[in-house]
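Hello,

Here is the structure I promised to pass on to you. Please have a look at it first, and then read my notes below.

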Amino acid sequence: MKQFWQSLCYGYRYICRRRLYIVCMVFVPLLCTLFFLSLLQEGLPVRVPTAVVDLDHSPMSRSMTRSLGAVQMVDVTRACDSYDEARRAVQSGEVYGFYVIPANFQEDALAGRKPVINYFCDMTYFVPGTFSYKGYKSVAVQATAALVAESAASKGISTRTISALIKPMSIDVNPIHNPWTNYSMYLTPSFCMCLLELMVIMVTIMTVTYEIKENHSRRWLRDNGNSIVLAVTGKLLPQTLIFCIVGWAMQGLMYGFGHFPMSCPHWVMALALFLLVTASQGFGLFVSCMVPNVRMALSVGTLFAMLAFSFTGFSFPVQSMYGFMGVFSWLAPIRYYFLIHVQQCLNGVALYYSRLWFVMLIVLTLAPALMLWRLKRACLRQVYVP
């Protein structure tokens, strides 16, 4: 027991000696959470800057411009005189797209000559480009419907019949579990916890492998009775405590300050956060056992953690990925935390149906126990290969 407390004290002093660890463990995750909460405080990006090229200057074209400005997704900030001027505005980043109303638009529309409306979206920036596209399309559809209604009314067709022709059916949209279509409720927990996993993996790898790099690994083992389990446990437990406190603070900001949906008891997500931290430490420790070299281990660990943003199902379903890519999603701890978050917080299903994801986090936590012998051998050899 005395050696265990000495090991804990050594792990605590090791953290305090390095300011980089405090920055990675405390400030980076919390600042990231505050950044996303402030960035998406409206729920989704609105009023995307856009431009209009009106080559007709008719009452109908001006009405379309006003309709475009009334759409929530876009904000008409510029009125350009030509296509080239609007294109330069997009290239300079002043707007994310532009709407072109051709010359003789009103005349051709009333004469039934089917004028063509062009709209251009800068899809380099996916979210504002998509939003501007949706706004442009909505106005174009509304303009088409208005022309059809006006033409039908001029032929003596009743308003009720025109309404049935233009909109033969009504659509009742019911967004399940997120009726506000709030992007932040989905993206912020995903990205912030994925960043927390990245920080845990990085700090774990640096903590373990730096002993070998600094030629302290033999003394580290000797001070812990040549027990690699005791040495690793004592060094990582203080970090587990700090990461859990930071993670729970992040959850408090999201579910308390941000009022994100919480359809389960708070202790469920607190437990999931604790297991996410320990599983991420287990992954970092496993990488350190397999590659007991600071540079190589950090490269492998950070590469995998960064790719976890893509292949764990945040933006693209794992079921639709190529088989060899989908396999990697099941190795990332954040994948199971993500599934627990969706099932418990958003869907509010019974805890019984999330039991497998908790078990997998525990398995990832204990996985490096099978490979600690490699780390012990590397510590005894104490050979650092730059």
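**Salt bridges**

Arg18 and Glu214 join their side chains in a salt bridge, at 2.2 Å from N to O. The term stands for a side-chain nitrogen of Lys or Arg within 4 Å of a carboxyl oxygen of Asp or Glu. Arg18 sits in the loop between helix 1 and helix 2 (19-39), and Glu214 in the loop between helix 8 (184-213) and helix 9, so the pair ties together parts that are 196 residues apart in sequence. Helices (H or I, at least four residues) and strands (E, at least two) are DSSP runs, numbered from the N terminus.

Please keep in mind that this is a predicted model: local features need pLDDT of at least 70, side-chain atom pairs count only at pLDDT 80 or more, and totals for chains, interfaces and linings use all residues. Residues are numbered from 1 along each chain as its sequence is written, and side-chain values use heavy atoms, with hydrogens and water left out.

Arg18 is partly exposed at 25% relative accessibility, and so is Glu214 at 26%. Here buried means under 20% relative accessible area, exposed over 50%, and partly exposed in between (1.4 Å probe, protein chains only).

The structure holds seven salt bridges. Another one of them pairs Glu94 with Arg78 (2.7 Å, N to O). Glu94 is in the loop between helix 4 (83-91) and strand 3 (97-101), while Arg78 belongs to strand 2 (residues 74-80), so this pair ties together parts that are 16 residues apart in sequence. Glu94 is partly exposed, with a relative accessible area of 44%, and Arg78 is partly exposed at 25%. Through salt bridges that share partners, Arg78, Glu85 and Glu94 form one network. Asp108 also forms a salt bridge with Arg113, with 3.0 Å between the closest N and O atoms.

**The chain as a whole**

The secondary structure comes to 16 helices and four strands. The radius of gyration, taken over C-alpha atoms, is 29 Å, well over the 21 Å that the globule rule gives for 386 residues, so the chain is more spread out than a compact globule. That rule is 2.2 Å times the number of residues to the power 0.38. Along the principal axes, the C-alpha atoms fill a box of roughly 95 × 45 × 40 Å. Of the 386 residues, 44% count as buried.

Val294, found in helix 12 (residues 294-311), is buried, with a relative accessible area of 6%.

Best wishes
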